[in-house]
Amino acid sequence: MSANTAVADKYRNNFLKEIEEQVEMGDWVKMCMQCGVCSGSCPTNFQSAWEHPPQEIFMMIRAGKREEVLTTTSMWNCTSCYNCIVRCPRKLPITHIMHGIAEYAHRIGMAPKMQPTRFFSGLFWKNCTHTGRVNELKLSMGLYFKDGFVQGIKNGMAMQAVALGLVKARRLNVMELFGGHKCKDQKGIQSMLKKAYEIERSRKAARMAG
Amino acid sequence: MAKHEYAFYPGCSSQKGASASNYLTSVESMCKTLDVKLTEIPDWNCCGASIGYAEAGELPRHVLNARNFALSEKNLPGQEIVATCAACWLGARETRERLTHSDTLMADTREALKEAGLTINEMPEIRHMVEVLIEDLGFDEMAKHVVRPLEGVKIAGYVGCQTNRPFGVAGESFENPVYLDKMVEMVGAESIPEYEQKVTCCGGALAFSEPEKAQAQIKDIVESAYDHGAEMIVTPCPLCQANVEIYQGQINKRYGTKFDIPVMYYSQLMVVAYGGSAKDAALNGQVIKARRLEEIAAKPVKR
């Protein structure tokens with residue numbers, strides 16, 4: 001049984017409960033009063049329109065629109081600017097809820113696979129936890145080659161002027177490709193994170209069983 | 001002994017050869033003048049940034065930040081942690097807040113930290129460098145060291161998001177913070193308090209993953225600075241600095257604009273005003289050269 005089928009079975013017609021129990025800060029969703037300030041304050045919604053801005057997502061959750069919410073690209077448009085958080089009259093931690101729903105959709109395999117920010121988000125976390133510190137060159141290269149080698153070269157060429165400017169200013173080091181900055185206690189970091197994932201998984205499973 | 005001492009969390013982008021290495025160089029020169037001693041937290045790790053959310057989960061993210069707290073407590077007991085990067089500061093402060101308010105999260109974090117042979121007994125204070133400057137030193141102390149005022153230079157103070165929201169600097173508003181304008185005035189330059197894009201988002205990580213969306217926002221930020229007659233933009237955030245500076249060429253292609261405006265850190269302005277050289281201020285780290293500042297930095301100092 002896939003991760004998605006397991007939770008879908010368990011929560012059946014109660015998507016709100018599923019979000020409350022499985023999503024970070026999900027228990028805030030029911031507090032939304034549909035004023036729309038979040039949607040009006042969101043820079044990417046303002047510039048290029050989300051499929052479903054935050055206010056709409058909150059109502060869709062209450063209406064049980066499970067498939068539509070978990071498969072949308074919307075949450076991945078969040079730039080983490082925190083405008084919605086500071087303006088929300090009911091103090092919902094909207095940025096964290098958006099990240100939480102996105103993370104959940106990703107975890108149970110419902111998130112749109114090739115959405116570029118979903119891809120970059122995963123890439124960033126792997127990059128920074130691999131050695132304990134970000135390797136900016138490998139991070140950029142990883143993103144350019146997301147859609148294969150040929151597209152990767154094209155993307156690299158398009159970014160040539162930007163990269164060259166940074167190299168000249170000594171803010172991009174090509175040697176990062178062969179190592180780069182890292183923490184000394186990488187082993188400690190790996191085992192500590194492994195433990196953290198174990199604990200988090202067991203807490204989420206307990207909530208589902210309870 | 002230095003007047004002020006802190007445990008320092010420089011963050012990934014500040015490292016040698018990384019995208020904000022010029023920020024660190026200028027902060028070091030600035031702190032020397034102000035007698036502020038920063039001791040790097042040994043073996044510090046990445047904060048995970050906000051963009052790591054797809055894989056980070058809740059506990060792993062906080063454990064990552066808590067490791068830095070534990071290392072700071074072990075090696076630099078009693079010192080407050082100071083970050084120069086907005087994302088590092090926000091990530092660490094968020095973890096501090098969550099762990100303080102949840103006994104379960106705190107207990108789980110302690111259990112995970114054990115795997116790295118570490119523990120937390122006391123929760124550290126997490127400060128941004130601008131908080132240290134404004135709250136611990138104050139504007140009068142900062143102004144005392146100005147020996148080469150940046151006279152006649154008009155600068156748009158771009159605060160951005162994460163230094164301003166959700167925590168921000170105490171006493172400042174989210175919609176119209178004024179501390180950066182005050183810092184611009186403090187170094188003898190001309191501020192633009194009515195610069196309406198001062199807290200607009202630069203697009204953050206979307207500048208990498210969905211550049212067309214981020215660049216639409218950056219265009220507004222730069223355009224407004226020009227409209228107000230600014231010669232340069234100043235910011236306290238490494239990602240704001242990079243995003244607003246390095247994509248101006250691509251924006252010009254996309255929109256037919258002719259943007260070419262330098263984007264500086266507050267610390268660079270301060271170092272030049274404090275009599276430092278272009279090298280001390282890391283002006284060579286600009287992709288769009290700040291010619292006007294280079295000229296001023298070459299001038300003799302008024303004593």
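**Close-up 1. A nonpolar patch lies on the surface of chain A in this predicted model.** Eleven names make up the list, so let us take them slowly: A:M141, A:F145, A:F149, A:V150, A:I153, A:M157, A:V167, A:V174, A:M175, A:L177 and A:F178. Helix α11 of chain A, which covers residues 149–158, supplies the largest share of the patch, namely four residues. One residue to look for in helix α11 is A:V150. Is A:V150 buried or exposed? A:V150 counts as exposed because its relative accessibility is 58%, and the cut-off for exposed is over 50%.

**Close-up 2. A:W76 and B:Y53 form an aromatic pair.** Over all chains, the structure holds eight aromatic pairs. In the pair shown here, the rings of A:W76 and B:Y53 are stacked, with 5.5 Å from centre to centre and 25 degrees between the planes. Here is a handy tip for reading those two values: a pair of aromatic rings is described by the distance of the centres and the angle of the planes. Follow the pair and you cross between chains: A:W76 sits in the loop between α6 (66–71) and α7 (83–87) of chain A, while B:Y53 belongs to helix α2 (residues 53–56) of chain B. A:W76 counts as buried because its relative accessibility is 0%. B:Y53 is buried too, with a relative accessible area of 6%; the cut-off for buried is under 20%.

**Close-up 3. B:Y23 and B:Y265 form a stacked aromatic pair.** Their ring centres are 4.1 Å apart, and the planes are 10 degrees from each other. Which parts of chain B does this pair link? B:Y23 is in helix α1 (residues 21–34) and B:Y265 is in strand β8 (residues 263–265), so the pair joins distant parts of the chain, 242 residues apart. With a relative accessible area of 1%, B:Y23 is buried. B:Y265 counts as buried as well, at 0% relative accessibility. Look also for B:Y266: ring pairs link B:Y23, B:Y265 and B:Y266 into a cluster.

**Close-up 4. Lysines lie over the faces of tyrosine rings in chains A and B.** In chain A, find A:K10 over the face of A:Y11, at 5.8 Å from the ring centre. In chain B, B:K219 lies over the face of B:Y255, and here the distance from the ring centre is 5.0 Å.

Methods
Residues are numbered from 1 along each chain as its sequence is written. Chains are lettered from A and ligands numbered from 1 in the order in which they are written. This is a predicted model: local features need pLDDT of at least 70, side-chain atom pairs count only at pLDDT 80 or more; totals for chains, interfaces and linings use all residues. Side-chain values use heavy atoms; hydrogens and water are left out. Patches are made of residues with over 30% relative accessible area and no salt bridge: like charges are joined within 9 Å, nonpolar side chains (Val, Leu, Ile, Met, Phe, Trp, Tyr) within 5 Å. Accessible areas come from the Shrake-Rupley method with a 1.4 Å probe; for residues, only the protein chains shown count as cover. A salt bridge is a side-chain nitrogen of Lys or Arg within 4 Å of a carboxyl oxygen of Asp or Glu. Helices (H or I, at least four residues) and strands (E, at least two) are DSSP runs, numbered from the N terminus. Buried means under 20% relative accessible area, exposed over 50%, partly exposed in between (1.4 Å probe, protein chains only). Rings of Phe, Tyr and Trp (its six-membered ring) pair if their centres lie within 6.5 Å; planes under 30 degrees apart count as stacked, over 60 as edge-to-face and the rest as tilted. A charge sits over a ring if NZ of Lys or CZ of Arg is within 6 Å of the ring centre and within 35 degrees of the ring normal.
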